[in-house]
Amino acid sequence: MRAARLLRSTPFRLALTFGFLFVLAFLVTGTIVYAMLKRELAEALDASVRETYSVVASTYSSGDLEDLSAAINTYARLSRSDDQVYLLLDDKGERLAGNLGSVSVDDGLSSVSASNLGLKGDEQFRIMAGNVGRYRLVFGHSFAETDEVEETALASFAWGAGVIVALAFGGGAILANRAQHRLQGIARAMSEVSNGNLSPRIPLSGNGDDIDVVSKHMNEALDRLSALVEGMRQVSADIAHDLKTPLNRLRMTIEQAMQQSERGEDVQDRLVEARAESDRINATFEALLRISQIEAGARKTRFRPVDLMDVLQSVSEIYRSVAEDNDQELEFISEVKLPCMIVGDRELLTQLFVNLIENAITHCPPKTQITMKLAVDGRSFRVTVADDGPGIPAGERELVFRRLYRLDKSRTTPGSGLGLSLVKAIADLHAASIVLDDRKPGLDAILRFPAQQLG
Ligand SMILES: Nc1ncnc2c1ncn2[C@@H]1O[C@H](COP(=O)(O)OP(=O)(O)OP(=O)(O)O)[C@@H](O)[C@H]1O
Ligand SMILES: [Mg+2]
């Protein structure tokens with residue numbers, strides 16, 4: 001089972017292919033080397049046969065047959081085994097000296113078998129024959145030594161090939177097994193994820209190879225996915241929980257109306273109350289849908305160049321009087337003189353600043369000073385909406401961005417806890433960052449918008 005899975009695995013198939021290629025390369029190289037060696041040995045044997053023949057023949061330079069015969073007999077005796085053959089024949093073909101019976105051999109170099117030389121065995125000889133004066137001289141050397149060298153070379157190639165095959169396939173199997181093991185880790189984690197468990201992560205080997213890089217990206221994607229799913233779960237639970245209160249209120253109002261009507265009393269007030277409650281529930285749903293729509297990013301198609309200064313100016317003009325009605329003061333300070341162009345949706349940006357100012361007006365007491373400030377900060381525009389009201393405790397400054405989250409002390413003030421969620425969604429859509437800070441006293445909402453790239 002395990003072996004079958006290993007055989008099917010991509011790493012093992014790769015290792016197998018490389019193993020085959022490796023062995024093929026070794027065989028081709030081996031064959032070339034063997035052929036060259038064989039040719040070299042043959043050429044060396046021919047040269048040695050020619051040289052010995054001319055050394056022997058040179059003893060006849062004085063024309064003395066006695067010297068030649070004596071030299072041939074001495075050489076023949078000295079030859080260790082039967083691997084060298086000498087023969088001297090007279091012009092009638094009678095044997096005069098040497099360790100061969102009289103045989104006829106073609107002139108020059110030729111290969112002759114032992115049986116054709118009247119010898120035992122099935123060896124081959126390299127023979128040189130020619131005339132020396134009136135006589136015929138034959139000298140030969142067996143192929144035994146060159147055959148031995150060739151056989152040794154062949155044997156070492158065979159051993160080498162064996163070791164290489166074992167190393168290529170054995171090593172390939174080990175490497176493939178290791179890669180397979182890691183791929184199985186990925187497969188296991190992903191199969192758990194597809195079964196609905198988002199907690200498993202792919203184990204990393206730590207050596208930073210390509211499998212590690214892919215695994216790291218997949219783990220990051222899983223982190224993000226589980227954070228999103230967890231967020232969705234949280235939101236659904238919060239929404240279900242928070243909408244129960246207004247729905248209960250609505251039910252109680254309807255019940256009161258029914259009781260009043262049974263008693264024959266006027267129910268007009270109760271109906272107005274019920275309509276206001278259902279309007280509030282409706283508004284909450286609409287705001288929730290709006291946030292989801294913004295988070296989905298569909299509004300990006302409506303992005304145009306927008307001047308932040310212009311947006312802030314019109315918001316401050318409209319809300320100055322609202323603040324005054326609340327006995328508060330709203331001021332807009334711009335540290336920049338030129339237009340501050342970003343790419344965005346003017347309507348959503350207006351909504352963002354309106355929500356922040358409405359929060360300052362609603363959640364701060366009379367006499368509060370509200371300040372909107374625009375400044376350039378490196379390659380971004382910084383907008384601050386600050387007040388000197390009660391502020392938000394440090395532990396809740398992140399939580400207030402969650403849908404329907406409100407501080408306990410705000411439970412009695414009107415609102416649904418969606419204003420800052422919308423602010424965050426709009427800021428994210430514009431690639432802007434938002435941080436809530438302590439102004440001691442009060443709250444500082446700091447937004448950073450990336451400036452529009454020029455050109
Ligand atoms: N400027 C502020 N000063 C003090 N507390 C604030 C301020 N802005 C927001 N908060 C607190 O943060 C909570 C969440 O604000 P958010 O705007 O999301 O909801 P909301 O104002 O209560 O309702 P909505 O904006 O939906 O009408 C508020 O309920 C309030 O407790
Ligand atoms: Mg609000």
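Ligand 1 has 18 residues around it, and Asn359, His363, Arg406, Ser410 and Leu420 come nearest. A residue counts as near a molecule when one of its heavy atoms lies within 4 Å of it. A polar backbone atom of Gly417 is 2.9 Å from an oxygen atom of ligand 1. For Gly419, a backbone N or O atom lies 3.1 Å from an oxygen atom of the ligand. For Leu407, the corresponding distance is 3.2 Å. A polar contact is a pair of N or O atoms within 3.5 Å. On its own, ligand 1 has 590 Å² of accessible area, and the protein covers 91% of this area. Accessible areas come from the Shrake-Rupley method with a 1.4 Å probe; for residues, only the protein chains shown count as cover.

The model is predicted: local features need pLDDT of at least 70, side-chain atom pairs count only at pLDDT 80 or more, and totals for chains, interfaces and linings use all residues. Residues are numbered from 1 along each chain as its sequence is written, chains are lettered from A and ligands numbered from 1 in the order in which they are written, and side-chain values use heavy atoms, with hydrogens and water left out.

Helix H4 covers residues 144-194. Helices (H or I, at least four residues) and strands (E, at least two) are DSSP runs, numbered from the N terminus. The 51 residues of H4 should span 75 Å at 1.5 Å a residue. The expected span is 1.5 Å times one less than the number of residues. The end C-alpha atoms of H4 are 72 Å apart, which agrees. Gly196 follows H4 and has a positive phi, near 100°.

Salt bridges number 28. The criterion is a side-chain nitrogen of Lys or Arg within 4 Å of a carboxyl oxygen of Asp or Glu. Asp209 and Arg182 form one such bridge, with an N to O distance of 2.7 Å. Asp209 lies in the loop between H4 and helix H5 (210-262), and Arg182 lies in H4, so the pair ties together parts that are 27 residues apart in sequence. Asp209 is partly exposed, at 23% relative accessible area. Buried means under 20%, exposed over 50%, and partly exposed in between (1.4 Å probe, protein chains only).

Arg403 and Glu295 also meet in a salt bridge, at 2.7 Å from N to O. Arg403 is in the loop between S10 and helix H9 (419-429), whereas Glu295 is in helix H6 (residues 268-296), so this pair ties together parts that are 108 residues apart in sequence. Arg403 is buried, at 14% relative accessibility. A further salt bridge joins Asp377 to Arg382, with the closest N and O atoms 3.3 Å apart. Asp377 is partly exposed at 25%, and Arg382 is partly exposed at 24%. Shared partners join Arg290, Arg299, Arg302, Asp345 and Glu347 into one salt-bridge network.

Strand S10 (residues 380-387) contains Ala386. Ala386 is buried, at 6% relative accessibility. Ala386 and Leu436 are 50 residues apart in sequence, and their C-alpha atoms are 9.7 Å apart in space.

A nonpolar surface patch of about 710 Å² is formed by Leu14, Phe18, Leu21, Leu24, Val28, Ile32 and Met36. Patch residues have over 30% relative accessible area and no salt bridge; like charges are joined within 9 Å, and nonpolar side chains (Val, Leu, Ile, Met, Phe, Trp, Tyr) within 5 Å. Val28 belongs to helix H2 (residues 10-58). Val28 is partly exposed, with a relative accessible area of 47%.

Terms used:
Polar contact = N/O pair within 3.5 Å; in protein donor to acceptor, adjacent residues only side chain to side chain.
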